[in-house]
Amino acid sequence: MTNNLTTKTDLTTHALCVAKIAAKTARGYFRGKLGVEFKADESPVTQADKAVEADVRAYLRTHFPDHGIFGEEQGVEGADCAEQWIVDPIDGTRSFLSGHPLFGFLLAHMRKGQVDLGVIGMPALDEVFVGTAWGGATLNGAPIRVSGTTRLRDAVLYVNEGDKIHDRHSALFARLMQQGQTRRFAYDCYPHALLAAGHVDAVVDYDLQPYDFLPVQAVVEAAGGVITDWAGQPLTLQSDGSVIAAATRALHAELLEIVRAG
């Protein structure tokens, strides 16, 4: 348990334990029979989402009783705490319920409003990406780093939530379809993890919540990348959920110019 600001070693150790617990619970439901409900925004939630978050919260309450927790399914407790954990129990519930293995588990730690640790867990792939403000980024314990790509025409570009971008920003979607040496569509957190590991050069994402983007922010930045909202501003709990992530500042600037064109 802790009464003061938690040490860096403790944070990393406990974050890895949480990721292991979340992965075990998620795998217990994956490709099984799931009870599915739909929220007001028509996004699905399964028994697995609820079970993973319940297990994670139980662990965090036990080991960090003076920390706040902001989770997708159960909301916020301890909002005024100096340290908070951000939890997305299953990032990509639609992927999960359709048997697609690229769903994730997301965890971030905030100290006095600043994210200093993030985890992207991929339970079906047995991969855990960790990024910290003090120790760089790793994949299953091995150091990772973003690519050095500086020009968009040479880049591997992922467009997340492409259907939403197409529906709400059709002109931008058309411009994005002309960018990059290789273009891929995706959902969920894995493209950001691949960016941190140097396989993907840039990701344009949209309509996210803080529990979606704060954990990946920590991993991408720890790996040397750049990630902001579509206006080029730092990501915070109050950000609108539009995200640009890139391996280099030059590449990020090119994408930012395209997005800002409206």
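An open sheet of five strands is arranged in the order 12-11-13-15-14, with mixed pairing. Strands pair here if DSSP finds at least two bridges between them. Strand 12 (182-186) and strand 14 (226-229) are the edge strands, and each pairs on one side only. From one strand to the next, the twist averages 15°. The model is predicted: local features need pLDDT of at least 70, side-chain atom pairs count only at pLDDT 80 or more, and totals for chains, interfaces and linings use all residues. Residues are numbered from 1 along each chain as its sequence is written, and side-chain values use heavy atoms, with hydrogens and water left out. Helices (H or I, at least four residues) and strands (E, at least two) are DSSP runs, numbered from the N terminus.

Within the sheet, strand 13 (residues 202-205) pairs with strand 15 (residues 243-246) in the antiparallel sense, over four bridges. Asp205 has Val243 of strand 15 as its bridge partner. Helix 8 (residues 249-260) packs on the sheet. This helix touches strand 11 (156-160), strand 13, strand 14 and strand 15 (contact: heavy atoms within 4.5 Å). The direction of helix 8 makes about 150° with that of strand 15. Helix 7 (residues 210-222) lies across strand 14 and strand 15 and runs at about 150° to strand 14. Axes are lines fitted to C-alpha atoms, for helices over the stretch in contact, and angles run from 0 to 180 degrees between N-to-C directions.

Helix 1 (residues 8-29) and helix 2 (residues 47-63) form a helix pair. Their axes come within 9 Å and cross at roughly 155°. Helix 1 is therefore roughly antiparallel to helix 2 (angles over 145 degrees). Helix 1 contributes residues including His14, Ile21 and Tyr29 to the contact. Among those from helix 2 are Gln47, Val52 and His63.

Asp91 is found in strand 5 (residues 83-91). Asp91 counts as buried because its relative accessibility is 7% (buried: under 20% relative accessible area, 1.4 Å probe, protein chains only). Its side chain reaches the backbone nitrogen of Cys189 at 2.8 Å. Neighbours within four places in sequence aside, Asp91 is in contact with Phe103, Gly104, Leu106, Asp188, Cys189 and Asp212.

Leu97 is found in helix 3 (residues 93-97). Leu97 and Leu34 are 63 residues apart in sequence, yet 7.3 Å apart in space, C-alpha to C-alpha.

Key: Buried means under 20% relative accessible area, exposed over 50%, partly exposed in between (1.4 Å probe, protein chains only). A polar contact is a pair of N or O atoms within 3.5 Å; within protein, one must be able to donate a hydrogen and the other to accept it, and residues adjacent in sequence count only if both atoms are side-chain atoms. Angles under 35 degrees count as roughly parallel, over 145 as roughly antiparallel, 65 to 115 as roughly perpendicular and the rest as oblique.
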